[in-house]
Amino acid sequence: METEGLLAGDNDTADYGSGSWEHGSDHGGQSGRGTTSSPRTRRLSYSAARGACSVEGEDEALYIQQAVVFIEDAIQYRSINHRVDVRSLRLYRWYYSRLCQWGLGMAIAVVLLVAFVERPSSLSYSSDPRIRTPAWEPPCGVTESIEIICLIIFSLDLAVKSYLIGWEEFRKSKWLIGYCVVISVSVIDWTLSVSMVCDEKLRVRRLIRPFFLLQNSSLMKKTLKCIKRTLPEIASVILLLALHLCLFTMIGMLLFAKTEDPKKNGEWELYFRNFSVSLTSLLVLLTTANNPDVMIPAYTLNRAYSIFFVMFSVFGTYFLMNLLTAIIYNQFRGYLLMSVQTSIIRRRLGIRAAFQVLSCRGASRADAERVDVQAVLHVMAMVQMKSYYRQAIVKEAQNHSDIGYMQREDFRKLFDELDKDRIKEHPPLPQYGSPVLQKLQVIFSHYYVTLVGNAMALINVISICTILVMNTETSIAERKDYYMEVINCCFIFCYLLEMSLKIFAFGWKGYVSYRNNIFDGLLTILLLTFQIIILATYRLPFSEWNPEASASHVSLWEMVRLVNMLIVFRFLRIIPDIKLMALVASTLLDLVKNLRAFAGILVVVYYAFAVFGIWLFEGAIKPPPTSVLSNSTMEASNYSMECGTYEQLGYWPNNFDDFAAAIILLYDVMVVNNWQAFLEAYSRYTSEWSKVYFVCWWLTSSVMWVNLFVALILESFIYKWDRSHSCSITDVEKTRFDTSVQHIFKEQIQEPTEEELLSQLHQHPHLHLHW
């Protein structure tokens, strides 16, 4: 079972119900040593009254500590299959503390960012080889010292994980074994690098660094498994695409063959000269990057030739490519649902384990299948969780204080609060004694005040746009900054007045309890600060003010531009007041907050392809010498200036000469606009086989990852839309809709049965429960 946290096994889902378990004395010493009972003794029957419950060890504090850790595991969807003795639990909680996890995350970030500094260094202003100055490269040993510190941290991380889950679980985890191999290879390669005084040609460890990011995220591992499971279906469509390409390539070569009339050979000469050029031309057309350029020579001669290109695009671009998107979306959604099912089982198992150890604090309690309410409150006081969830759970638990204990089902229902939407409670309005102030409070707390503020922001933006249009053809010296400055002063005063009135109506705490008020307030204060600086610097500007009069500080025009940019940005305040816009914006924010693990997949593939690109193409494209540029016979060289080529388009900064430049080039290819220029240039400067690299990158990034991200956006938006469809704008503001993958599929998962949970608890490698 792959887990979020320590254990990262091979199977995403557990085989529940495949075995059975009979509780009783026939377990003997085996259950005391955590061994799995034989199938003949497991019948999925459970009766707490059949035997007493106990946990190895008699320290009651151990039960409390185990319950705390199990509940924390449930909250974070982590596996409970770790050591549960006192020392291990302390180490476990320390390992998952914010400081430790932050330090591990920093080490991962640093070891990845080293690629921008080490040779070939990206520390230069430009990546254009024609004007690029020699990049600064750190002395040998600087980046190596940073790297070895990170490797030591990763080794400690591996050691702690291995100890906490035990040797038996470690052997089952391919990710941890891979972690060990990657660290070992990195240390060996680092040693070779230092012994060669950093003069080695190839750094193998550079290519495997993304593994450190990958192994630290359970969701990224699930995504990789999703892609792996989807590959057979994707391969079938890609083979169909390849057949489609080859078929039309051969037809195109026959259709646009070379003729005796040079005037009719335009299509052949540019796009169908040989099989490689023909295949590349149609592959680029599949992405629409060279449409309609690729058909213009033939279409000019005969309009009937357009049928060939239209049929190719319709079947390839609109049918097969969209079919590929549908397959990726469908497979991803189904696999993600299975992963969420596993996560929910982990949560229920953690809660069930916490109840079990709390009920084992005494045989009489265990026989009654109940836990003491005070023990539950004591545990919840120690659990690390968000305060609003803790308050809700404690409040529910206190409802059982009059009885003094809780049954198993009551204990489980406590943690249903974790799956509920958080309702924001705004502070009550301040109380004023004066009737006049009370009347003003009613007026200024009305929703129409916000609408008036939105109207003012719209008028302000329109006025700025009007002045910018009027000043389009005006020189800087002739611009009348005075009028724009007066307009800004008036509107900033209105914004400040609106902010003050809202604070008066809602009180300070009530004002900051609304996110849009915080956004408005911060920008209003920032605008006021800039306006005071302008007035203090330029006194009262007048219409004849010369922006170039003082060279000692920023000109008035530049200051006004900065203020106007903030005003335009402040106009985004209207988003929360338009329901559909608010829904879209909140979906994007939730994608950034909750689904950033998926962006890690893109970081991994970008990193790996960038390193490969540097290995293959570093220094491949060299700019022409000055003498060549002035030579009229340059068409005989590689420095072709034909329209649409790499050289004519001025794509020189896009190269693989350093890591940062490689990242930007890969992004340009992922967007697929004009990516044929890179295909043609690198095949001309290196070999035709270079196209394989770019096509593989296009398939990985533009086809696989972009479609995967589209699937995430669809799932998140559909979930938010269904939840908010019947809500007003005020309800959307009050309710926090979490769009983690667990919440998205919450309605479709199946709850595990009691027998399934007990079967899993019985197989726990370190928690030795006796029934």
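**Entry 1: a charge over a ring**

I started with Arg78, which lies over the face of Tyr96, at 3.9 Å from the ring centre. The model I am reading is a predicted one. I then looked up another arginine of this kind. Arg370 lies over the face of Tyr405, and here the distance from the ring centre is 4.2 Å.

**Entry 2: the whole protein**

Next I stepped back. I counted 31 helices and 6 strands in the protein. The protein has 771 residues, and 47% of them count as buried.

How much of the contact list comes from residues 24 or more positions apart? I took the contacts with a separation of 6 or more, and such residues account for 76% of them.

**Entry 3: aromatic pairs**

I searched the whole structure for aromatic pairs and got 44. I picked out Phe617 and Phe656, whose rings form a tilted pair. Their centres are 5.4 Å apart, and the planes make an angle of 40 degrees.

Where do the two partners sit? Phe617 is in helix α24, residues 596-617. Phe656 is in the loop between α25 (626-629) and α26 (659-671). The two parts are 39 residues apart in sequence, so the pair ties them together.

Buried or exposed: what are Phe617 and Phe656? I found both Phe617 and Phe656 buried.

I then asked which aromatic cluster holds them. Phe617 and Phe656 belong to one cluster with Tyr606, Phe609, Tyr682, Tyr693, Phe694 and Trp697.

**Entry 4: Glu118**

Glu118 is in the loop between α4 (98-113) and α5 (142-172). Why does Glu118 count as buried? Its relative accessibility is 1%. Buried means under 20%, so Glu118 qualifies.

Which side chains make polar contacts with the side chain of Glu118? One is the side chain of Arg206, at 3.0 Å. Another is the side chain of Arg209, at 2.9 Å.

Last, I listed the contacts of Glu118, leaving aside its neighbours within four places in sequence. The list reads Thr143, Arg203, Arg206 and Arg209.

Methods: Residues are numbered from 1 along each chain as its sequence is written. This is a predicted model: local features need pLDDT of at least 70, side-chain atom pairs count only at pLDDT 80 or more; totals for chains, interfaces and linings use all residues. Side-chain values use heavy atoms; hydrogens and water are left out. Rings of Phe, Tyr and Trp (its six-membered ring) pair if their centres lie within 6.5 Å; planes under 30 degrees apart count as stacked, over 60 as edge-to-face and the rest as tilted. Helices (H or I, at least four residues) and strands (E, at least two) are DSSP runs, numbered from the N terminus. Buried means under 20% relative accessible area, exposed over 50%, partly exposed in between (1.4 Å probe, protein chains only). A charge sits over a ring if NZ of Lys or CZ of Arg is within 6 Å of the ring centre and within 35 degrees of the ring normal. A polar contact is a pair of N or O atoms within 3.5 Å; within protein, one must be able to donate a hydrogen and the other to accept it, and residues adjacent in sequence count only if both atoms are side-chain atoms. Contact means heavy atoms within 4.5 Å.
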